[in-house]
Amino acid sequence: MTQKTNHPIELLRFNTCGSVDDGKSTLIGRLLYDSKNIMEDQIEALERSADITGGGQINLANLTDGLRAEREQGITIDVAYRYFATPRRKFIVADTPGHVQYTRNMVTGASTANLSVVLVDARQGVIEQTRRHTFIAATLGIPHIVFAINKMDLVDWSEDRFLEIREEIESFLPRLDIFRDVKFIPISALNGDNVVEPSKHTPWYPGPSLLYHLETVHIASDWAMTGLRFPVQWVNRPNNPTDPKLHDFRGLSGQIACGIVKQGDGVVVLPSGLRSTVKEIWTYDGPQQEAFCPQSITLVLEHDLDISRGDMIVGQDHFPGVGSEFQARVCWMNPKPLAPGRKYLLKHTSNTVQAIVSGVNGRVDMSTCELKPANELALNDIGDIRLKTAKPLVVDAYRKNRLTGSFILIEQGTNHTLGAGMLESPAHKFRFENEEFSI
Amino acid sequence: MSSYHLDHLQYLETEAIHVMREVAGEFERPALLFSGGKDSICLLRLAEKAFRPAEIPMPFLNVETGHEFPELIEFRDRRAKELGAKLIVRTVEDGVAKGFVTPKPGVVSRNQLQTPVLLNAIEEFQFDCCIGGARRDEEKARAKERFFSFRDAFGQWDPKNQRPEIWNLYNGRLNQGENMRVFPLSNWTEMDVWEYIKKEQLEVPNIYFSHERECFRRGGQWLPMPPEHADTTKPDPYDGARVKPNEDRRKLIVRVRTIADMISTGMIESRADSVDDIIGEVAAARVTERGSRADDKASEAAMEDRKKAGYF
């Protein structure tokens, strides 16, 4: 391994997607292998399985296809996470399968990613899966995307073919209008061309290798910093009878979901609308003058207010929406369809409430990325719905903030996670009634 | 303008604290699995960061095979006391005596016997959630684990039927008898663990550092010599794990890289006697951490099979 003790400071999370035989697992195996992140015992295990199933040839996909059924069937059935490091960065890779029926896994893997790598088989070009995966990456608000045009060796490293595919992708990208940057890289995952080292087969390609791009893409500004959002996870009450200082301690613990908080800042507790001031930012490492997203902290307020898990503490400007009727885009992940009138549990930040589907606006047609009329959403559908919740929620639009704009739907009884939701702009922003009197 | 930016350890830390607080917020009776090993040592610090100045709102639980390194037991007991936590210990031996654990004839390792003991302890104390220190980078089957890993009423993991885990919205809902395993260190690597130990100046048991020890060669590994069979009125607990006349026996300078018990932990020859040395060693390592675990070598799917049965 080339890594030295002066370790890289940034962490990049990315996911890989493509259809069944696009070579995702091979690509990840290649990234790990060529960046010297594979150990001798792993290579030994590969060689052992190569002798049994591979006719003696090492199969890099076996590095990532961890479950027995996957090795036997040569498929990836669930999201697998891989870790590797170069002297520049640390990486978390979500390897997400390409089967149509496993869209839920891609949504899972992509939901925490800064970047998506979409694999395209150079022989096949753009297929429905390519559109679907690109669309999901856009829907989930992933800022950076890379199209790795794979198996270039099988099209004789043709620049024309590469450009043809690139143009086809570029023709539907504007409709998605979300990615901060888009890259196209011609590769051969099997042989390693342009994966870690630049390939001598592509003199016509002036860009970086995939790994170099992953190491250098600018991700520092991926977190939202406008308007404080602090969902309360846990109320910290030591109730210590012997230490008088701790006896009255009442802290509000959570992870900042957006923005910055400073000692002395005025804050508002939602949905109640009660005001207070930050007395202390308590951490195990001592009190802090300020804290920012996504730090985990404990806030102590000047006033002893009735605050519990599920409440949200926000700043005095950039108020979020408060309400109990919402529009949302949903990825449905269960064989039982979502339909109007169905009741679910909805988990949003640290809050779980009852919700009812008041209507389905439509389902996204993957070949055109457009909304078509529909009455319900089936497994792996993405569509727009209307929801009512039993209690008001404090929300932002998903495209403004992934953490306060997202929710999951849970089936009561089985407790299965059924779907992932992304909120549209809320109808009503929070505002104080009788504003002039309350200041 | 100041820079609002977290490095990778700070990011992993805040993610893990968030996970721990979700456990405290969503479960009635959680427990924290604390063995005294390096990963669970990180868990304790994260628990302090998540819950101080209050008490850590869950007891510690450990399942002993009976073949533990004595140094580890001493460390475990002392740390629990220092943190003011309640430590619950359940043993394979006790499980055998009570009849809910049946050793396989001829198998000396009690590694697999820990599973029924753990499940029994979960039932005894009605734990609805156990926080563990497992990491996804350890092993291929673990690479597919969730942060919140659902176990059915039999304690089983079903990799094909896991709950999708989207954003940081963990679904902790359970029915009676079901149970959750939660892994705050999911995204940590072996290197991250040691860098965190260094950064937080965490104490680790001294068997992680190089020391002289009598070992014997078996299955391509140097295994530690088990303690003397003191009480000869009882059967030897290390029967089958003792050095045989034809096996190579040596005094070596060794340390452990990962700790199971004395039967399944290979000692590695090493001069690393500080955390910095260990970090250097991990960076230069040519085999994975679990390459020194005899329990994983059984077959390529060894871990998968144990996890399905309810292993940690």
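This briefing covers a strand sheet in chain B and the domain layout of chain A. The model is predicted. In chain B, 6 strands form an open sheet with mixed pairing. Chain A is divided into domain 1, domain 2 and domain 3.

**Sheet of chain B**
- The strand order across the open sheet of chain B is E3-E2-E1-E4-E6-E5.
- Strand E3 (87-91) and strand E5 (148-151) of chain B each have a single partner strand and stand at the edges, so one side of each has no neighbour in the sheet.
- From one strand to the next, the twist averages 30°.

**Strands E1 and E4 of chain B, and helix H1**
- Strand E1 (residues 30-33) and strand E4 (residues 129-131) of chain B run parallel and are joined by 3 bridges.
- Opposite Pro30(B) stands Cys129(B), which lies in E4(B).
- Helix H1 (residues 8-26) of chain B packs on the sheet, where H1 touches E1, E4 and strand E6 (179-182) of chain B.
- The direction of helix H1 of chain B makes about 155° with that of E4(B).

**Domains of chain A**
- The bounds in chain A are 10-216 for domain 1, 229-314 for domain 2 and 321-423 for domain 3.
- Taken over C-alpha atoms, the centres of domain 2 and domain 3 of chain A are separated by 30 Å.
- Domain 2 of chain A contributes 11 residues to the contact, and domain 3 of chain A contributes 9 residues.
- On the side of domain 2 of chain A that touches domain 3 of chain A, the classes are 7 nonpolar, 2 polar and 2 charged residues.

Note on methods:
Residues are numbered from 1 along each chain as its sequence is written. Chains are lettered from A and ligands numbered from 1 in the order in which they are written. This is a predicted model: local features need pLDDT of at least 70, side-chain atom pairs count only at pLDDT 80 or more; totals for chains, interfaces and linings use all residues. Two strands pair if DSSP finds at least two bridges between them. Helices (H or I, at least four residues) and strands (E, at least two) are DSSP runs, numbered from the N terminus. Axes are lines fitted to C-alpha atoms, for helices over the stretch in contact, and angles run from 0 to 180 degrees between N-to-C directions. Two residues are in contact if their C-beta atoms, placed from the backbone, lie within 7 Å. Domain bounds come from an automatic or database domain assignment. Ala, Val, Leu, Ile, Met, Phe, Trp, Tyr, Cys and Pro count as nonpolar, Asp, Glu, Lys and Arg as charged, and the others, Gly among them, as polar.
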